[in-house]
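Trainee: I would like to learn how to read contacts and helix packing from a set of coordinates. Could we work through an example together?

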Amino acid sequence: MEYKHNFEYLTKKQNKSINEMWGKIKKLYGRGGITVQEADYVFQKWVMENFGENTSFAICMNRKEF
């Protein structure tokens with residue numbers, strides 16, 4: 001079973017986009033294509049580019065770890 005993020009302060013569309021990006025990064029990590037540090041960096045960078053400062057902080061602090 002795959003983990004899905006569901007942040008109650010985001011719309012369904014926003015949660016879907018987070019889970020799609022998370023899935024892409026998790027798949028790459030699972031195949032050994034990137035390290036945990038790289039996965040964290042890519043995810044956090046994407047979140048900061050797509051959400052406001054406060055929302056980005058909340059997402060990054062309350063997400064599942066790689």
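Mentor: Let us begin with the idea of contact, which here means heavy atoms within 4.5 Å. Please keep in mind throughout that this is a predicted model.

Trainee: With that in hand, which residues is Arg63 in contact with, leaving aside its neighbours within four places in sequence?

Mentor: Arg63, whose place is in the segment after helix 3 (53–61), is in contact with His5, Phe7, Trp22, Asp40, Phe43 and Gln44 once those neighbours are left aside. With Asp40 there is also a polar contact, of 2.7 Å, that joins the two side chains.

Trainee: Is Arg63 buried or exposed?

Mentor: Buried means under 20% relative accessible area, and Arg63, with a relative accessible area of 9%, is therefore buried. Gly23, by contrast, which lies in helix 1, counts as partly exposed at 21% relative accessibility.

Trainee: How should I read the crossing of helix 1 and helix 2?

Mentor: Angles over 145 degrees count as roughly antiparallel. The axes of helix 1 (residues 12–30) and helix 2 (residues 36–50) come within 10 Å and cross at roughly 160 degrees, so the two helices are roughly antiparallel to each other, and their crossing is right-handed.

Trainee: Which residues make the contact?

Mentor: Helix 1 contributes Ser17, Ile18, Met21, Trp22, Ile25 and Tyr29, while helix 2 contributes Val36, Ala39, Val42, Phe43 and Trp46.

Definitions and conventions: Residues are numbered from 1 along each chain as its sequence is written. This is a predicted model: local features need pLDDT of at least 70, side-chain atom pairs count only at pLDDT 80 or more; totals for chains, interfaces and linings use all residues. Side-chain values use heavy atoms; hydrogens and water are left out. Axes are lines fitted to C-alpha atoms, for helices over the stretch in contact, and angles run from 0 to 180 degrees between N-to-C directions. Helices (H or I, at least four residues) and strands (E, at least two) are DSSP runs, numbered from the N terminus. Angles under 35 degrees count as roughly parallel, over 145 as roughly antiparallel, 65 to 115 as roughly perpendicular and the rest as oblique. A crossing is left-handed if the near helix is turned anticlockwise from the far one by less than a right angle, and right-handed if clockwise. Buried means under 20% relative accessible area, exposed over 50%, partly exposed in between (1.4 Å probe, protein chains only). A polar contact is a pair of N or O atoms within 3.5 Å; within protein, one must be able to donate a hydrogen and the other to accept it, and residues adjacent in sequence count only if both atoms are side-chain atoms.
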